[in-house]
Amino acid sequence: MTVSYDDKKATERRNASVATACVVFVGAMVGMAYAAVPLYQLFCQVTGYGGTTQRVEQLSDVVLDRTINVTFDANASSGLNWDFKAVDKKVTPKIGETVQITYTATNNSSHPVTGEAVFNVTPGEAGAYFNKVQCFCFTKTTLQPGETLEMPVVFFVDPAIVEADETKGIGTITLSYTFYPRNDQEPVAALSVGEDKEQPKL
């Protein structure tokens with residue numbers, strides 16, 4: 001069967017369109033990977049998801065004679081060769097009591113690596129009552145080869161948690177952090193290398 005000149009041109013145009021669409025798609029995916037942590041931070045700040053808007057400067061002046069379990073989870077993404085863990089697995093403070101716990105991160109790679117942590121609080125209804133006075137989330141942290149860094153978290157659970165119908169029965173809250181590789185010159189999905197070490201903000 002003979003293919004006409006017009007048919008060949010139409011096929012070439014279709015192939016060019018498909019190729020262009022593929023390039024745009026790949027570029028968009030790289031851009032989304034690079035922006036993943038900043039976009040998550042912006043989303044949390046705008047919506048209050050995960051308790052981000054409950055970052056406070058002062059402690060609770062009310063402490064209830066009732067305790068609540070708080071457990072801690074730690075994860076490092078597959079692109080980050082770090083040993084990241086919660087030193088304190090569980091605490092049982094009084095509601096309203098200020099507590100400090102510690103996470104540690106160790107760089108197992110042979111070069112400096114920069115990471116940045118995002119977090120979430122479960123159950124989700126508890127996020128609005130989990131107040132962080134000090135944390136390391138959304139802070140770029142660079143570890144040298146073999147270096148271990150201690151990262152404190154200071155928090156309290158707002159006594160108002162016992163008043164709302166959807167939260168008054170909550171007995172356990174879990175705070176979970178996940179570290180991702182981070183470098184301003186590369187996608188978040190890539191392994192990052194940094195020169196200057198940044199300590200978590202106090």
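Fold first: I counted up the protein chain and found one helix and nine strands. Helices here are DSSP runs of H or I with at least four residues, strands are runs of E with at least two, and both are numbered from the N terminus. Along the sequence the order reads α-β-β-β-β-β-β-β-β-β.

A note on my ground rules: this is a predicted model, where local features need pLDDT of at least 70, side-chain atom pairs count only at pLDDT 80 or more, and totals for chains, interfaces and linings use all residues. Residues are numbered from 1 along each chain as its sequence is written, and side-chain values use heavy atoms, with hydrogens and water left out.

Next I looked up contacts (heavy atoms within 4.5 Å). Of those in the protein chain with a separation of 6 or more, 77% are between residues 24 or more positions apart.

Then burial: of the 202 residues in the protein chain, 41% are buried. Buried means under 20% relative accessible area, exposed over 50%, and partly exposed in between, with a 1.4 Å probe and protein chains only.

Where is the cis peptide bond that I noted? It joins threonine 122 and proline 123, with omega at about -5°. I placed proline 123 in the loop between strand S5 (113–122) and strand S6 (130–134).

I found phenylalanine 138 in the loop between S6 and strand S7 (141–143). Phenylalanine 138 counts as buried because its relative accessibility is 13%.
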